[in-house]
Each structure stands twice: as structure tokens, then as C-alpha cells.
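Reader: I've got a new model open on my screen and I'd like to learn how to read it. Could you walk me through some features?

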Amino acid sequence: MLYSLHEAAYNSATPVRIAAEAARDFWSSPLNPASSSKLGRTMFASADMLSNLTRRYGRPQWGIEQVTVKQKPVAVRQDVVWKSPWVKLRRFSREPIDLRRARAPLAAPPLLIVAPLSGHFATLLRGTVETFLQDFDVYVTDWSNARDVPIIEGRFDFHDYIDQIGDILRHIGERAHVVAVCQPGPPVLAAAALMAENDDPHRPASMSFLGSPIDARLAPTATNRLAEDKPFSWFQEAMIYTVPAPYGGVMRRVYPGFVQLYSFMSMNADKHQEAHQRYFGNLVEGDGDSAEKHREFYDEYLSVLDMTEEFYLQTIDVVFQRYLLAKGELVHRGRPVNLGAITDVATMSVEGENDDISGVGQTQAVHGLLPNLPDDLHELYVQPKVGHYGVFNGRRFNDEIYPRIRDFIERSESAVVAG
């Protein structure tokens with residue numbers, strides 16, 4: 001019922017949105033002599049705000065066409081190289097810009113970025129991808145919006161996620177380096193353990209966990225406390241809804257992205273209100289640069305996807321309530337997940353000092369769970385003065401965190417070659 005009401009509210013606002021867009025175009029038109037006046041900018045700002053509040057935020061574009069490598073521009077080619085109903089594996093390969101000869105991809109180690117399946121699209125990691133492209137051949141998991149997946153495609157749960165990671169690594173075809181951003185930490189670790197126990201030649205060469213809830217019992221945050229305080233039945237009854245028509249996944253049971261978005265925004269309501277007040281003021285004052293930064297952030301932040309009922313509820317159960325992987329009790333397809341099987345997959349943990357989603361200690365717990373991994377294949381780093389998103393994006397990530405991950409991967413690459 002809630003999903004249908006949400007769609008009805010959006011549709012009922014269509015006349016208001018159309019009128020707001022028309023007013024925005026009128027007050028921003030260079031043919032309007034009042035457009036550059038303070039009154040004109042105020043009217044434009046009001047119409048723009050109303051339009052943004054009532055519009056749909058769809059899947060953002062990646063928009064990565066070029067990066068700078070060693071102070072030289074390098075073109076970026078994007079291809080979908082593997083897919084299932086639940087994920088597209090996108091490859092971002094670098095190609096030298098030289099029109100005199102055919103383009104050939106620049107040689108670089110393969111690196112898989114496992115994007116979180118936790119409400120936002122993988123494009124949230126656009127800056128992360130651009131940074132890693134300086135030194136790596138980058139693959140990214142671009143997860144599907146569950147509301148668009150026909151119910152005939154069946155279920156997708158926590159264990160299917162583990163299997164998809166293994167399938168993707170085998171498709172890449174060599175020992176790739178893996179970067180798990182937030183939510184994927186536990187299933188990526190489980191997949192690596194299963195592949196290691198099988199002596200799979202495509203097991204990761206290294207794993208870097210960025211702000212991941214490997215052991216959510218440690219340094220609990222507000223998110224962890226919610227999962228601990230509420231009974232499992234509450235999540236079943238309060239968070240799961242049915243996809244309505246006309247979406248492709250009609251009748252599929254999901255945890256809607258808009259529910260999670262409203263929850264997160266309500267936790268920081270004052271911050272978001274102040275941000276929009278500044279945006280309005282920037283438009284009135286004609287500060288286009290600041291206004292554009294605001295639009296870029298919220299175009300991404302307000303774009304959300306749905307998760308299947310089974311994946312969301314199993315994640316709550318396995319990761320945040322029973323802590324099965326951290327306690328050594330996770331069973332996958334009838335087979336215990338043995339973290340002791342990991343002996344040659346270099347492992348790095350990265351945490352943010354001010355992370356309010358995965359508290360300091362939750363990610364670095366991975367090192368204590370790998371008893372047979374040599375000490376020289378472990379690396380632990382806590383970045384001062386950053387929160388959750390700063391662990392994988394922004395200035396401090398580019399200047400301080402990424403160089404450490406790059407150097408760690410280079411050392412592990414040498415260890416794989418030597419081995």
C-alpha cells in the first residue's frame with residue numbers, strides 16, 4: 001500500500017512540476033529582461049526548488065569519458081562485459097588519445113570495485129572509479145533495481161550475492177584485486193574464503209575493505225543499534241512492500257529505496273534543510289558554481305534503488321543481528337565458510353575516524369578472522385577526520401587513502417607474481 005501511495009503522490013504532483021518547470025524556464029530565459037534582477041533570480045530559485053522536490057530521480061549516468069594519467073589525458077571506454085538479471089559488470093578501460101593510430105587499452109592490473117547494494121546506484125562511486133583508473137583496469141558491479149526485475153527471474157538473496165561475486169571474478173579471468181565498499185564486505189570475504197578453499201585460480205590477489213561491517217558488534221552506530229533493538233519480525237512487517245504496476249518487477253516484494261532514503265534524511269534533517277537553504281541563497285545571489293555542486297550531490301543522493309525482500313532481510317539477519325560470518329558460523333549452500341582457508345589473499349582494511357555508519361573497529365576486525373594469512377599480507381589504516389563517505393570519495397580519499405591502497409596492491413601484486 002505504501003509503495004502505491006508513494007507513486008500516487010508522485011503522479012498527482014505532475015501538474016505542479018510542469019508549472020514549476022515552465023516558470024523556471026521563463027525566469028532563466030535570456031529573452032526575459034528581468035531574469036538577471038534579484039526578483040527574477042528569486043522567482044527562478046523558487047521554481048527550481050519546487051521542480052526538484054517533485055521530480056523523479058532516475059539512474060544517473062556514469063559520465064566518465066577521460067582521466068588524467070601522469071599528467072596526460074587518457075580516454076576511458078565503458079563496456080558491459082558480463083551480466084545477470086541482478087547485476088551488470090562494467091569495465092572501464094583506458095585508451096590513449098591518439099587519432100593517428102587505433103586505440104589499444106593501456107596495460108594495467110585488473111581491479112574489481114564491488115559497489116554497495118544498499119539503496120544507492122553504483123554511480124555513487126563515480127569519483128572512486130575515476131581515481132582507481134589512474135593505475136588500474138577497473139571493473140564495477142552495477143546492481144539492478146529490484147523493482148525492474150520481472151518476478152519470473154526468481155529470488156536474489158545474500159547467498160546469491162556471494163555466488164555472483166565468484167562468477168564475476170572467474171569471468172575476469174585472472175587473480176584480480178578487489179575493493180569492497182561498505183555493505184559488500186561480508187559477502188566478498190565469504191566468496192574469497194570459498195574460492196580459496198577450492199584452490200580456485202581466480203580467487204582475489206588482494207582484498208581492500210573500505211568502511212565495511214565485517215563485525216557489526218564492534219563500535220555500534222545508530223544504524224547498528226536499530227538492527228539490534230528491533231526484532232527481525234519488525235523489519236519484515238515495517239520495511240517490506242510490494243512493487244506496483246507499471247514497473248517490470250510488479251508484485252515483487254522489496255525494501256524500497258525511498259523508504260531508506262527518507263530514513264537517512266530524517267536522521268540528518270537539519271543538515272539537509274540547511275543545504276537547501278544555502279542552495280536557494282546561491283541561486284538568488286547568482287553563485288552558479290556552488291549551486292551546481294549542490295545539484296550534483298543531490299542528483300546522486302536522491303537517486304535510489306530497491307532491494308529484494310530476501311536479500312535485505314538476510315543481510316539484517318546474517319550481518320547485523322546474528323553476526324554469523326564474524327562468529328565463524330556462516331553456512332553457504334550447506335557448506336561452512338572457512339575463513340582459515342585464506343592464506344595468500346592480501347587483505348587491507350580502511351576506516352574513517354568519524355564514520356557514523358560502520359564504526360571504527362568493524363572493518364579492521366577482518367584481520368583477526370584470518371588466522372592463516374601471513375602478517376606481511378595484512379594492512380590496517382584509519383583515516384583521521386573523515387566520515388563514511390570520505391573513506392571512498394573526496395579530497396582525503398584521493399590524497400591520503402588511495403595512495404596507501406595503491407601501494408598495498410602493488411606489494412600484493414609482487415607477492416602473487418613471486419608465489
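Author: The residues lining the largest pocket split into eleven nonpolar, 15 polar and eleven charged. Here Ala, Val, Leu, Ile, Met, Phe, Trp, Tyr, Cys and Pro count as nonpolar, Asp, Glu, Lys and Arg as charged, and the others, Gly among them, as polar. This is a predicted model: local features need pLDDT of at least 70 and side-chain atom pairs count only at pLDDT 80 or more, while totals for chains, interfaces and linings use all residues. Residues are numbered from 1 along each chain as its sequence is written, and side-chain values use heavy atoms, with hydrogens and water left out.

Reader: What counts as a pocket, and which residues lie nearest the centre of the largest pocket?

Author: On a 1 Å grid over the protein atoms alone, a pocket is an open set of points where a 1.4 Å probe fits, with protein on both sides within 12 Å along at least five of seven lines; lining residues have an atom within 4 Å of a point. In this model, 37 residues line the largest pocket, and Leu124, Lys271, Phe297, Tyr301 and Tyr389 lie nearest its centre. The largest pocket holds about 1200 Å³ of space, volume being the space filled by probe spheres set on the points, which are joined across faces, edges and corners.

Reader: Which element gives the most to that lining?

Author: Helix α11, with eight residues. Helices (H or I, at least four residues) and strands (E, at least two) are DSSP runs, numbered from the N terminus.

Reader: Arginine 295 is in α11. What is it in contact with, beyond its neighbours within four places in sequence?

Author: Contact means heavy atoms within 4.5 Å. Leaving those neighbours aside, arginine 295 touches Tyr279 and Leu283. Tyrosine 279 is 16 residues away along the chain, with 8.5 Å between the two C-alpha atoms.

Reader: Is arginine 295 buried, exposed or partly exposed?

Author: Buried means under 20% relative accessible area, exposed over 50%, partly exposed in between (1.4 Å probe, protein chains only). Arginine 295 has a relative accessible area of 25%, so it is partly exposed. Asparagine 398, in helix α13, also counts as partly exposed because its relative accessibility is 34%. Leaving aside neighbours within four places in sequence, asparagine 398 is in contact with Thr131 and Pro403.

Reader: Now helix packing. At what angle do α5 and α12 pack?

Author: Two packed helices are described by the angle between their axes and the distance between the axes. Axes are lines fitted to C-alpha atoms, for helices over the stretch in contact, and angles run from 0 to 180 degrees between N-to-C directions. Helix α5 (residues 158-172) and helix α12 (residues 309-321) pack at about 90°, with axes 8 Å apart. The two are therefore roughly perpendicular; under 35 degrees is roughly parallel, over 145 roughly antiparallel, 65 to 115 roughly perpendicular and the rest oblique.

Reader: Which residues meet there?

Author: Phe158, His159 and Tyr161 in α5 meet Phe311, Gln314, Thr315, Val318 and Val319 in α12. By class, that contact has five nonpolar, three polar and no charged residues.

Reader: How many residues of α12 are buried?

Author: Ten of the 13, so α12 is largely enclosed by the rest of the structure. Its buried residues include Glu310 and Asp317, and the buried set packs against α5, α6 (185-197), α7 (222-229), α8 (232-238), β9 (253-255) and β10 (307-308).
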